[in-house]
Amino acid sequence: MVVGAGLGLRYGGKTPKPALKVTGRTLMVMSIEAMAAGGCTDAVVVVNDQVAKQLGPELAALPIPVKQVPGGASRQESVYNGLKAVRDDERLSHAEVVLVHDAVRPMVPAKVVSAVIEAVQGGAEAVAPAIPVADSMRILDPGGGSAVIDRSLLRAIQTPQGFPLQLILEAHEKMAASGDQFTDDVSCAERAGHHVTLVEGSRMSMKVTEPSDLTVAQALWEVRDTFGHHSARRIRRHLGA
Ligand SMILES: Nc1ccn([C@@H]2O[C@H](COP(=O)(O)OP(=O)(O)OP(=O)(O)O)[C@@H](O)[C@H]2O)c(=O)n1
Ligand SMILES: C[C@](O)(CO)[C@H](O)COP(=O)(O)O
């Protein structure tokens with residue numbers, strides 16, 4: 001599932017973030033291709049009307065089947081909408097593993113996607129890619145001060161996050177009933193009582209949040225081979241297309 005129904009307020013501008021381009025291809029299409037390159041067989045794309053209007057024709061020409069679902073007011077609500085659509089789809093409801101990915105992390109390497117899938121297939125309940133933080137870290141206190149924290153214990157969490165379908169569906173049902181809100185899906189699963197497993201993420205999986213991120217993404221894309229990144233050609237070969 002690729003979620004792309006956000007408003008992109010921190011980015012600003014008229015073009016919705018999933019329709020922005022890195023070297024000529026939209027973030028949404030790159031994200032779906034990245035999932036396919038890592039082993040996903042179907043895509044559920046969660047979008048708002050504006051994104052659907054702009055990306056409709058592109059979504060019809062992808063290497064894996066794509067189902068479009070309307071988004072919600074928060075990321076969590078958008079993911080829940082996507083999961084309900086999977087539950088209600090005769091074919092997709094048989095899926096064993098579901099990955100939830102941000103459309104705005106278009107350059108995630110295939111090896112990260114497949115590591116998440118393999119961890120779930122190996123029995124993990126809730127899986128997220130993670131990377132160490134590079135800056136020194138301090139935590140703010142209510143008095144206006146701050147204190148150092150040991151950054152070796154911290155990880156920045158990325159997507160795609162992977163789960164057995166039934167587990168994450170039930171976790172989101174519980175969060176919707178309780179009103180608990182989280183910024184990612186492993187946290188929903190954890191609140192529902194499940195164990196979170198971290199696998200190695202990648203700096204290529206950066207999130208396009210603010211305008212300068214797109215400049216960085218362009219630059220990183222140019223040197224993607226040095227990260228062992230997939231190519232569109234390899235995806236087509238892999239799928240026999
Ligand atoms: N209601 C929402 C909010 C977010 N997302 C998606 O969740 C991912 C991560 O969100 P991010 O892009 O950081 O947030 P936005 O809500 O789009 O941006 P902002 O917070 O700046 O408005 C994005 O692919 C975004 O489209 C979504 O599907 N539905
Ligand atoms: C899901 C996520 O990308 C993991 O790092 C992140 O939590 C999304 O944050 P946002 O601020 O809601 O976009």
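Modeller: One term before that. Helices and strands here are DSSP runs, numbered from the N terminus; a helix is H or I with at least four residues, a strand is E with at least two. Also, this is a predicted model.

Biologist: Fine. Which elements each supply at least two residues of the shell around ligand 1?

Modeller: Strand 1 (2-4) and helix 3 (75-88).

Biologist: And which residues come nearest to ligand 1?

Modeller: V3, G6, L9, R10 and S78, out of 21 residues around ligand 1. By class, that shell has nine nonpolar, eight polar and four charged residues.

Biologist: Now ligand 2. What is it surrounded by?

Modeller: R75, D102, I157, Q158, T159, T183, D184 and K207. That shell has one nonpolar, three polar and four charged residues.

Biologist: Switching topic. How many residues has the largest nonpolar core?

Modeller: It has 55 residues. Those with the most contacts inside it are M1, V2, M35, L99 and V113. Helix 1 (residues 27-37) gives the most to this core: nine residues.

Biologist: What does V113 touch, not counting residues up to four places away in sequence?

Modeller: A34, M35, A37, G38, G39, C40, L99, V108 and P160.

Biologist: On to the strands. Which way do strand 4 and strand 5 run, parallel or antiparallel?

Modeller: Parallel. Five bridges join strand 4 (residues 43-47) to strand 5 (residues 66-70). A43 has V66 in strand 5 as its bridge partner. With helix 2 (residues 49-59), the two strands make a right-handed β-α-β unit.

Biologist: And strand 8 with strand 9, parallel or antiparallel?

Modeller: Antiparallel. Strand 8 (residues 137-140) and strand 9 (residues 146-149) pair over four bridges. I139 stands opposite A147 in strand 9.

Biologist: What about the hairpin there: which residue takes a positive phi?

Modeller: G144, near 100°. The hairpin has five residues between the strands.

Biologist: Last one, L167. Where does it lie?

Modeller: In helix 5 (residues 165-178).

Biologist: Why does L167 count as partly exposed?

Modeller: Because it has 17 C-beta neighbours inside 10 Å. Buried needs 20 or more, and exposed means 12 or fewer.

Biologist: What is L167 in contact with, leaving aside neighbours within four places in sequence?

Modeller: E125, A189 and H194. As for A130, its C-alpha atom is separated from that of L167 by 21 Å, and the two residues are 37 residues apart along the chain.

Conventions:
Residues numbered from 1 in each chain as written. Chains lettered and ligands numbered in written order. Predicted model: local features only at pLDDT ≥ 70, side-chain atom pairs only at ≥ 80, totals over all residues. Near = placed C-beta within 6 Å. Nonpolar A, V, L, I, M, F, W, Y, C, P; charged D, E, K, R; others polar. Core = buried A, V, L, I, M, F, W, Y, C linked by C-beta atoms within 7 Å. Contact = placed C-beta atoms within 7 Å. Pairing = 2+ DSSP bridges. Right-handed = clockwise from strand over helix to strand, strands pointing away.
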